[in-house]
Amino acid sequence: MDTDHPRRDALTGTVGCLAAVLGALAGVAIWFPYGRRGLLGAFEGETNPAVLWLGLPVLVLGGTALALTVLAAVRGRRRAALGLLAAVAALAAFGYGFDVLAAPAALRDCGSPC
């Protein structure tokens with residue numbers, strides 16, 4: 001921390017916290033339509049608790065990391081931005097690998113037999 005500019009450091013920290021909170025809220029907003037359908041039984045009344053204990057954390061962490069990536073890139077901190085971008089890519093790979101980021105069954109087209 002730079003002791004010569006405590007107000008600038010405080011402002012930078014506040015902007016970072018605000019970016020993290022906004023990123024987390026964006027992750028929740030993206031998760032909400034899928035999570036609501038998964039928890040309340042979108043497909044023949046079946047629920048999918050994985051959207052809560054896997055999908056929500058992945059999207060909240062991903063939104064937070066992405067917002068902090070943008071903040072680091074704007075501030076010119078390339079190494080931090082690349083590290084955070086790698087974290088976002090890892091979260092996206094985890095989400096797609098465990099089918100957390102896919103649409104619920106009610107949103108997918110099941111073809112003509114349906």
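Alanine 90 is partly exposed, with a relative accessible area of 46%; by the cut-offs used here, buried means under 20% relative accessible area, exposed over 50%, and partly exposed in between, with a 1.4 Å probe and protein chains only. Alanine 90 belongs to helix 3, and its C-alpha atom is separated by 9.2 Å from that of glycine 62, 28 residues away along the chain.

Let me state the basis of these values. This is a predicted model, in which local features need pLDDT of at least 70 and side-chain atom pairs count only at pLDDT 80 or more, while totals for chains, interfaces and linings use all residues. Residues are numbered from 1 along each chain as its sequence is written, and side-chain values use heavy atoms, with hydrogens and water left out.

I turn to confidence. The pLDDT, which is the predictor's confidence in each residue from 0 to 100, has a mean of 81 over the protein, and 78% of the residues reach 70 or more. Helix 1 has the lowest confidence, at a mean of 87, and helix 3 the highest, at 92. Where pLDDT is low, the predicted coordinates should not be read in detail.

Next, the overall architecture. The protein has three helices and zero strands, running α-α-α from the N terminus on. Helices (H or I, at least four residues) and strands (E, at least two) are DSSP runs, numbered from the N terminus. Of the 114 residues, 24% are buried. The protein exposes about 7900 Å², and carbon and sulfur atoms supply 67% of that area; accessible areas come from the Shrake-Rupley method with a 1.4 Å probe, and for residues only the protein chains shown count as cover. Contact here means heavy atoms within 4.5 Å. Among contacts between residues at least 6 apart in sequence, 56% join residues at least 24 apart.

How do individual residues relate the helices to one another? Threonine 64, in helix 2, counts as buried because its relative accessibility is 19%. Leaving aside neighbours within four places in sequence, threonine 64 is in contact with Ala20, Gly23 and Ala24. Threonine 69 also lies in helix 2 and is buried, with a relative accessible area of 8%. With the neighbours within four places again set aside, the contacts of threonine 69 are Ala81, Leu84, Leu85 and Val88.

Two further residues are partly exposed. Valine 15 is placed in helix 1 and has 38% relative accessibility, so it counts as partly exposed. Valine 15 and leucine 68 are 53 residues apart in sequence, yet 9.9 Å apart in space, C-alpha to C-alpha. Alanine 92, in helix 3, counts as partly exposed at 28% relative accessibility.

Finally, the second largest pocket. On a 1 Å grid over the protein atoms alone, a cavity is a set of points where a 1.4 Å probe fits but cannot get out, whereas a pocket is an open set with protein on both sides within 12 Å along at least five of seven lines; lining residues have an atom within 4 Å of a point. The volume of this pocket is about 210 Å³, taken as the space filled by probe spheres set on the points, with grid points joined across faces, edges and corners.

Which residues lie nearest the centre of the second largest pocket? They are Leu59, Gly62, Gly63, Leu66 and Val88, out of 14 lining residues. The elements giving two or more residues to this lining are helix 1 (6–39), helix 2 (50–74) and helix 3 (78–97). Helix 2 gives the most, with six residues. The lining divides into 10 nonpolar, four polar and no charged residues, where Ala, Val, Leu, Ile, Met, Phe, Trp, Tyr, Cys and Pro count as nonpolar, Asp, Glu, Lys and Arg as charged, and the others, Gly among them, as polar.
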